[in-house]
Amino acid sequence: MAATMEVGGSLPFPNAHQFAASSKDVEHSLPVPNVQEVSSQEVGDSVPVPVPDVEQSSSLEVGGSLPVPNVQELAAVSEDVSARYIRPERELEQVANGEFGQIPVIDMSKLVGDDKEESARLHSACKEWGFFQVINHGVADEVITKMTENIQEFFSLPLQEKMEYAQLPTGMEGYGQAFVFSEQQTLDWGDMLFINATPINERRMRFWPKNPASFRETLDKYAAELEKAARRLMVSMARNLGVEPEKLLSLFDDGVQSLRMNYYPPCEQASKVTGIAPHADGTGLTLLTRLNQAQGLQVMKEGKWVPIDPLPGAFIVNIGDMLEIITNGEYKSIEHRALVNDKNERLSIASFHDPSMNIMVEPLPDLLIKDQKKQAPNYKSISHRDYKKISRQMKLDGKDRGFITHMKIEA
């Protein structure tokens, strides 16, 4: 295992085994996987080509989950909802009634044109919300439409055929659920297909569906286009932070891009369950696409849940915990959740953009210099490998109980 070290003024952090042995917040039912070195693979602007369909191990194989019933099948055979899905706390929650308005909307075409006002709007969105919608993002409508059709077709397949792509006990990739670590844990009302798209030479094609026939080519194209959009956003973010864009972008060279395709069946007790429990993404930057008209995404703002009203064709973007750490807290991740509908299914796809597995997750050194004086980091330093091992062994339970809490340096 790669050792942690003191880098860029950050405090040393215990390795994954030490943390898992001591933290009360980490479930112990799964062992920490033995992660191998990630091979270098340049991620450029060209559309990647899927590697041959061969079985191979992956250094990204981390974050296994206990097997649980398929929710789509449960919803199809019965209207009764098991007690394992019921969340009593939902009766006490507060939902905003318009007092916060909607999350900011950013026009990427203006960012690319170096519009100062739009750049300032993006900077404010990253600092004050951690969530925003992006329009005019440059990804062709047909790319999104084809991805939507393929995902809908996949989740419409018989369960037996979908299970050909089922997750393995040692990793998150594949068809199933995630972050389930005990038999007593409250479950989410949803199923997922999780696929790592980059590094390209780490792809495990056994998890890439062959039906529909165009799925692999469609996902390959979609992932490449989303990667370009994410990097364009990071260029503007870096400039807003006062650092050279390459300083930020270089952390994401040879980075990890994962895609989570979500299916939330309708639920008769929709007001008592969640599609995805409250959490903050442990990743770098997330770009989410709503695939049908059913809504359900909500973000936490000043103790209240704010429903998000997605714009047609827009990406919903949010800051992840790793980007919060890299910016030394100037940009904040935000707690959010997905609800379900009592009559209609919900589908979405989230594209997670993470730095290279070879970096240290820590505040960017250039952001620790203010007025030519070195500032103290607000977060500890940890290898990306250890970060993933630990964070993926923690159930989704709000931001305050997430891994980033352990990364903060107390003043």
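I began with Gln133, whose bridge partner in strand 10 I found to be Ile316; strands here are DSSP runs of E of at least two residues and helices are runs of H or I of at least four, both numbered from the N terminus. The model is predicted, so I noted that local features need pLDDT of at least 70 and side-chain atom pairs pLDDT 80 or more, while totals for chains, interfaces and linings use all residues. Residues are numbered from 1 along each chain as its sequence is written, and side-chain values use heavy atoms, without hydrogens and water.

I then looked up the strands around that bridge: strand 2 (residues 131-135) and strand 10 (residues 315-319) run antiparallel and are joined by four bridges, where pairing requires at least two bridges by DSSP.

Last, I examined helix 7 (residues 215-241) and helix 8 (residues 245-252), whose axes come within 8 Å and cross at roughly 140 degrees. The contact, meaning heavy atoms within 4.5 Å, involves Arg231, Met234, Val235, Ala238 and Arg239 of helix 7 with Pro245, Leu248, Leu249 and Phe252 of helix 8.

Note on methods: Axes are lines fitted to C-alpha atoms, for helices over the stretch in contact, and angles run from 0 to 180 degrees between N-to-C directions.
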